[in-house]
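Me: I have a model open and want to learn how to read its features. Can we go through them in turn?

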Amino acid sequence: MKSATFTMIRPDDWHLHLRDGATLQAVVGDSARQFGRAIIMPNLKPPVVSTDLAGAYRQRILAALALAKLPAGAFTPLMTLYLTDNTTAAEITRAAQSGFVYGVKLYPAGATTNSDAGVTDLLGRCAQALDAMQEHGLPLLVHGEVTDPAVDLFDREAVFIDRVMIPLRRAFPGLKVVFEHLTTSNGVDYVSDAQGPIGATITAHHLLYNRNAIFQGGIRPHWYCLPVLKREKHRLALIHAATGGNPRFFLGTDSAPHPRGLKEQACGCAGCYTALHAMELYATAFDSVGRLDALEGFASRNGPAFYGLPVNLGCITLEHTAYEIPQELPMGDSTVVPLAAGESLPWRLREAHA
Ligand code: DOR
Ligand code: ZN
């Protein structure tokens with residue numbers, strides 16, 4: 001019997017870590033098979049703090065795509081700058097006029113992987129850069145967690161809304177803001193009710209898992225990411241938001257490859273590798289509540305609408321058939337373990353038309 005299929009407009013990934021060098025070369029094909037475009041995170045070592053560095057990084061990504069023998073134009077990297085206390089208004093203007101920078105990423109200093117050069121005092125230190133972004137319509141992409149050690153890890157997003165997001169958007173009401181990798185019902189409520197230009201990305205792992213996944217049968221480092229997985233009630237709020245048809249919510253995998261050894265050690269890195277099977281994971285999450293019909297809006301339409309871009313021309317087809325997630329994949333001189341390695345998903349990406 002022929003299995004059921006589901007065809008939709010080719011999706012985009014509005015939050016992706018591709019890294020650099022051998023890691024970039026190893027992972028870029030996975031995203032290109034799944035997505036038409038991706039917003040590329042700038043948290044390299046050293047970070048991508050200028051338009052020139054973003055342009056050079058873009059060329060390295062295009063070269064990696066060519067080396068992987070992917071057809072030209074099959075996958076478009078949309079570059080970002082890494083906001084620091086020293087980002088100037090002139091640099092923002094250069095980025096906005098470059099034609100290849102689509103956003104500026106806010107990492108609160110110390111919040112996550114490679115965030116040491118991040119912002120220490122957003123309104124105090126970055127007002128001129130934010131003003132220029134507002135003027136040019138260049139979105140601010142926000143890692144929304146406070147770093148105050150007195151705030152519980154699981155409350156960092158909710159506290160960020162009160163301490164940073166609300167004052168930021170009061171000071172810059174016309175600034176386009178993406179609340180990245182939303183993880184709580186507090187975040188969903190805020191983004192749903194807020195005035196003005198705001199959107200939010202949601203990862204597949206935050207739709208599929210609650211924080212029990214990190215501790216099921218032992219400590220499981222491949223389920224550890226930042227912001228960390230939350231309680232079940234938050235997962236349900238995210239599912240409701242992603243499948244509810246509100247165009248403010250769109251797909252962002254936050255796929256973040258780390259070598260296996262750096263995840264499986266005494267102090268393991270944060271990040272889940274989901275680029276390999278992103279649409280399989282999202283389809284599983286949407287299908288779990290009978291809402292596959294809402295996947296195209298979330299994955300293929302809402303992001304382009306927010307960023308002012310056309311939707312992709314091609315399609316992808318998902319097939320309702322078991323997909324076994326590999327145990328690990330080669331990555332440079334190491335390997336990367338995809339999320340839920342060894343498990344089976346009910347949907348498989350069949351073919352991608354460029
Ligand atoms: O889990 C995460 N990994 N969260 C981030 O914010 C950064 C990312 C990474 O770069 O590894
Ligand atoms: Zn990220």
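**Reading the model, feature by feature**

Reply: We start with a loop. D254 sits in the loop between strand 9 (249–251) and helix 10 (260–263). Keep in mind that this is a predicted model.

Me: What is the phi of D254?

Reply: General idea first. Most residues other than glycine have a negative phi, and most peptide bonds are trans. In D254, phi is near 55 degrees, a positive value in a residue other than glycine.

Me: Is D254 buried or exposed?

Reply: The cut-off for buried is under 20% relative accessible area. D254 has 7% relative accessibility, so it counts as buried.

Me: Which residues coordinate the zinc ion (ligand 2)?

Reply: Look for donor atoms around the metal. Here H15 (NE2), H17 (NE2) and D254 (OD) coordinate the zinc ion (ligand 2), at 2.0 to 2.1 Å. Along the chain, the donors have the spacing H-x1-H-x236-D. H15 and H17 are buried.

Me: Where is K69, and what is its phi?

Reply: K69 is in the loop between helix 2 and strand 4 (76–82). Its phi is near 60 degrees, again a positive value in a residue other than glycine.

Me: Is K69 buried or exposed?

Reply: Exposed means over 50% relative accessible area. K69 has 73%, so it is exposed.

Me: What about the bond from L226 to P227?

Reply: The bond from L226 to P227 is cis too, with omega near -5 degrees. P227 belongs to the loop between helix 8 (204–208) and helix 9 (232–243).

Me: Next, helix packing. At what angle do the axes of helix 3 and helix 5 cross?

Reply: Two packed helices are described by the angle between their axes and the distance between the axes. For helix 3 (residues 89–98) and helix 5 (residues 127–136), the axes cross at roughly 25 degrees and come within 8 Å. Angles under 35 degrees count as roughly parallel. Helix 3 and helix 5 are therefore roughly parallel to each other. The crossing is right-handed.

Me: Which residues make the contact of helix 3 with helix 5?

Reply: From helix 3, A89, I92, T93, A96 and Q97. From helix 5, Q128, A129, A132, M133 and H136. The residues of this contact divide into 6 nonpolar, 4 polar and no charged.

Me: How do helix 11 and helix 12 pack?

Reply: The angle is about 140 degrees, and the axes are 10 Å apart. Helix 11 and helix 12 are therefore oblique to each other. In helix 11, M279, Y282, A283 and F286 meet L295, F298 and A299 of helix 12. This contact has 7 nonpolar residues, no polar and no charged.

Me: Where does R291 lie, and which residues does it touch?

Reply: R291 is in the loop between helix 11 (278–287) and helix 12 (295–307). Leaving out residues up to four places away in sequence, R291 touches T243 and F286. R291 is partly exposed, with a relative accessible area of 31%.

Conventions. Residues are numbered from 1 along each chain as its sequence is written. Chains are lettered from A and ligands numbered from 1 in the order in which they are written. This is a predicted model: local features need pLDDT of at least 70, side-chain atom pairs count only at pLDDT 80 or more; totals for chains, interfaces and linings use all residues. Side-chain values use heavy atoms; hydrogens and water are left out. Donors are N, O and S atoms within 2.8 Å of the metal (3.2 Å for Na, K and Ca); water is not among the atoms, so sites may look incomplete. Buried means under 20% relative accessible area, exposed over 50%, partly exposed in between (1.4 Å probe, protein chains only). Helices (H or I, at least four residues) and strands (E, at least two) are DSSP runs, numbered from the N terminus. Contact means heavy atoms within 4.5 Å. Axes are lines fitted to C-alpha atoms, for helices over the stretch in contact, and angles run from 0 to 180 degrees between N-to-C directions. Angles under 35 degrees count as roughly parallel, over 145 as roughly antiparallel, 65 to 115 as roughly perpendicular and the rest as oblique. A crossing is left-handed if the near helix is turned anticlockwise from the far one by less than a right angle, and right-handed if clockwise. Ala, Val, Leu, Ile, Met, Phe, Trp, Tyr, Cys and Pro count as nonpolar, Asp, Glu, Lys and Arg as charged, and the others, Gly among them, as polar.
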